Amino acid sequence: MKSVFIITPHAPELLPTQGSKIAERLREAAVRIRILSRAKSSWGRLLDIGLRGFFVMPFYDVALVNVYGSRAFVYESAAILYARLWKKWSVVFIRGGWMPEFVQRWPRWTRFVFSKANLLLVPHEFLRAELSTLGFRIDGIIPNFIELEKYTFRERSRLAPRFL
């Protein structure tokens, strides 16, 4: 594997996502990577991945697509299908804990898209068990990892919602 095209939300001013942390580690291992998308809105990500993804995909060996579901599944699906179209290896990392409900709501769409992936991964046993019972082949579990020191704890003196 010489190059990886990573599809994940990656706005630099926000806290890093699992996909961006994986990209950092691959870059440290001298793997050529590219991340889409830095767009802050779902419409921006749709345009970025829908257009740029199609033209960039042929220049990479592997596509790593982080799948969160819901509206994002539109452009996540496009990325998976682009990888298949360009005959690239695709690794799909299903991240949304509500994905079983999404799959039940859109069974044909999700089965079609996930059947195009070479590898389906999840971050925990719960999601593996839920998706397996729905008939999906889950190839492995890679747990989420975060750097706790980057997340500050703020204790509230009074627990109450804040309204304007």
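A salt bridge is taken here as a side-chain nitrogen of Lys or Arg within 4 Å of a carboxyl oxygen of Asp or Glu. The model is predicted, so local features need pLDDT of at least 70 and side-chain atom pairs count only at pLDDT 80 or more, whereas totals for chains, interfaces and linings use all residues. Residues are numbered from 1 along each chain as its sequence is written, and side-chain values use heavy atoms, with hydrogens and water left out.

Six strands form an open sheet in the order 2-1-3-4-5-6, with parallel pairing; helices (H or I, at least four residues) and strands (E, at least two) are DSSP runs numbered from the N terminus, and two strands pair if DSSP finds at least two bridges between them. Strand 2 (32–36) and strand 6 (140–141) each have a single partner strand, so one side of each is left without a neighbour in the sheet. Strand 1 (residues 3–7) runs parallel to strand 2 and is joined to it by five bridges; Ser 3 has Arg 32 as its bridge partner in strand 2.

Helix 2 (residues 42–56) packs on this sheet, touching strand 1 and strand 2 (contact means heavy atoms within 4.5 Å). Its direction makes about 155° with that of strand 2, where axes are lines fitted to C-alpha atoms, for helices over the stretch in contact, and angles run from 0 to 180 degrees between N-to-C directions.

Buried means under 20% relative accessible area, exposed over 50%, and partly exposed in between (1.4 Å probe, protein chains only). Asp 48, at 12%, therefore counts as buried, while Arg 52, at 39%, counts as partly exposed.

By this rule the count comes to four salt bridges. Among them is that of Arg 128 with Glu 125, whose closest N and O atoms are 2.4 Å apart. Another joins Arg 137 to Asp 139, at 2.8 Å between the closest N and O atoms.

Arg 95, in the loop between strand 4 (89–94) and helix 4 (99–105), is buried yet has no salt bridge. The nearest side chain of opposite charge, Glu 76, is 9.0 Å away; Lys and Arg count as positive and Asp and Glu as negative, with His and the chain ends not counted. The side chain of Arg 95 instead makes a polar contact with that of Asn 144 (2.7 Å), a polar contact being a pair of N or O atoms within 3.5 Å; within protein, one must be able to donate a hydrogen and the other to accept it, and residues adjacent in sequence count only if both atoms are side-chain atoms.
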